[in-house]
Amino acid sequence: MFREIAVSMVAVAGVLATAPVRAQSPEQFARPGADDAKGAIELIDPKVLRVCADPNNLPFSNSAGEGFENKLAQFVAAKLGKDIAYVFYPGATGFIRNTLNAHLCDVVMGMPQGDDLVQPTNPYYRTSYAIVTRAGSDLEGLKTLADSRLTAKGRRIGLVANTPPGNLLARLGLLAAVKPYPLVVDTRVDAPAADMIRDLESGVIDVAILWGPIAGYHVKRSNGRLVEAMLAQEPGTRMSFRIGMGVRHSDQEWKRELNRLIAQNQHEIDRLLASYGVPLLDEAGAPIAVDP
């Protein structure tokens with residue numbers, strides 16, 4: 001059972017722009033984030049894995065510990081022989097600044113490589129954007145956005161705004177068919193991916209384009225009503241990304257310890273991810289089959 005050590009309530013910029021931002025004072029728990037530039041602090045408490053997480057963002061995490069990043073954090077804590085505690089903060093504007101860099105916690109479980117807000121560990125999975133369709137529909141088996149079936153009159157394509165597949169849809173002349181869903185939201189209030197899946201099942205849209213872990217999670221829970229296919233890499237548009245854990249830039253030994261744990265437990269991590277429907281890719285872009 002995990003312990004929650006802090007909850008910060010924010011109004012995400014651009015969503016609730018007129019509401020004040022209220023963040024819990026870092027001094028209540030640890031030294032201020034400015035200390036990060038003065039040298040390594042490493043773990044706040046060597047006996048506790050303190051995790052930065054969103055409290056309402058399934059399939060990744062929630063305050064009840066039901067997401068796959070929650071389960072991964074529990075796995076990591078057990079392997080390291082540590083207790084586990086969370087700092088919850090909505091995963092949008094200010095998340096890293098007010099959690100990891102404020103020294104309230106020591107690791108973010110899922111961060112794309114190349115995000116310079118954190119120091120990434122080695123990746124523990126690679127995945128891609130995916131296409132989700134209704135089972136038995138005339139679009140079942142769709143694997144590419146260049147498929148001529150998407151140009152049929154009246155098609156509606158669900159897409160999270162400002163995500164990479166949008167660039168490809170623009171090149172293909174399909175933006176007029178797009179029903180957009182917001183990217184930056186207050187996850188305590190809004191769930192665009194769940195809204196998109198409901199619209200797909202009800203027929204409001206014909207196809208949903210989602211980040212692979214989100215697509216796989218909803219397909220797995222659909223009892224066969226939905227099917228998915230990974231979007232292949234297209235020239236000029238990156239669809240797949242490597243995901244690791246994020247630590248502070250100063251915490252070199254902590255990063256090395258997590259890298260060792262990932263390398264030693266990759267098969268178990270793959271099985272955990274697959275149990276949530278996360279589609280996994282190898283370095284050649286081929287699907288990874290995981291033993292149940």
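The legends below describe close-up views of a predicted model. Residue numbers start from 1 along each chain as its sequence is written, and side-chain values use heavy atoms, without hydrogens or water. Local features need pLDDT of at least 70 and side-chain atom pairs count only at pLDDT 80 or more, while totals for chains, interfaces and linings use all residues.

**View 1. The largest nonpolar core has 66 residues.** A nonpolar core is a set of buried Ala, Val, Leu, Ile, Met, Phe, Trp, Tyr and Cys residues joined through side-chain atoms within 4.5 Å. Buried means under 20% relative accessible area, exposed over 50%, and partly exposed in between (1.4 Å probe, protein chains only). The members that touch the most others are Leu-72, Val-107, Met-109, Tyr-124, Tyr-125, Leu-210 and Met-245. Helix H1 (residues 68–80) gives the most to this core, six residues; helices (H or I, at least four residues) and strands (E, at least two) are DSSP runs numbered from the N terminus. A second, separate core of 12 residues includes Cys-52, Ala-102, Met-111 and Val-118.

**View 2. Tyr-124 and its contacts.** Contact means heavy atoms within 4.5 Å. Leaving aside neighbours within four places in sequence, Tyr-124 is in contact with residues including Glu-69, Leu-72, Met-109, Ile-243, Met-245, Ile-262 and Leu-273.

**View 3. The buried side of helix H4 (residues 192–202).** Pro-192, Ala-193, Met-196, Ile-197, Asp-199 and Leu-200 are buried. They cover an arc of only 160 degrees around the axis, which puts them on the same side of H4; the arc is that of the directions from the helix axis to the C-beta atoms. The buried residues of H4 pack against strands S8 (125–134), S9 (157–160), S10 (178–181), S11 (207–211) and S12 (226–230), and against helix H5 (212–220). Gly-203, which follows H4, has a positive phi near 90 degrees.

**View 4. The salt bridge of Asp-206 with Arg-134.** A salt bridge is a side-chain nitrogen of Lys or Arg within 4 Å of a carboxyl oxygen of Asp or Glu, and the count by this rule is 12. The closest N and O atoms of Asp-206 and Arg-134 are 3.8 Å apart. Asp-206 lies in the loop between H4 and S11 and Arg-134 in strand S8, so the pair ties together parts 72 residues apart in sequence. Asp-206 is buried at 15% relative accessible area, whereas Arg-134 is partly exposed at 22%.

**View 5. The salt bridge of Arg-256 with Glu-253 in helix H6 (residues 252–264).** Their closest N and O atoms are 3.3 Å apart. Being three residues apart, Arg-256 and Glu-253 are separated by about one helical turn. Arg-256 is partly exposed at 40%, and Glu-253 is partly exposed at 37%.
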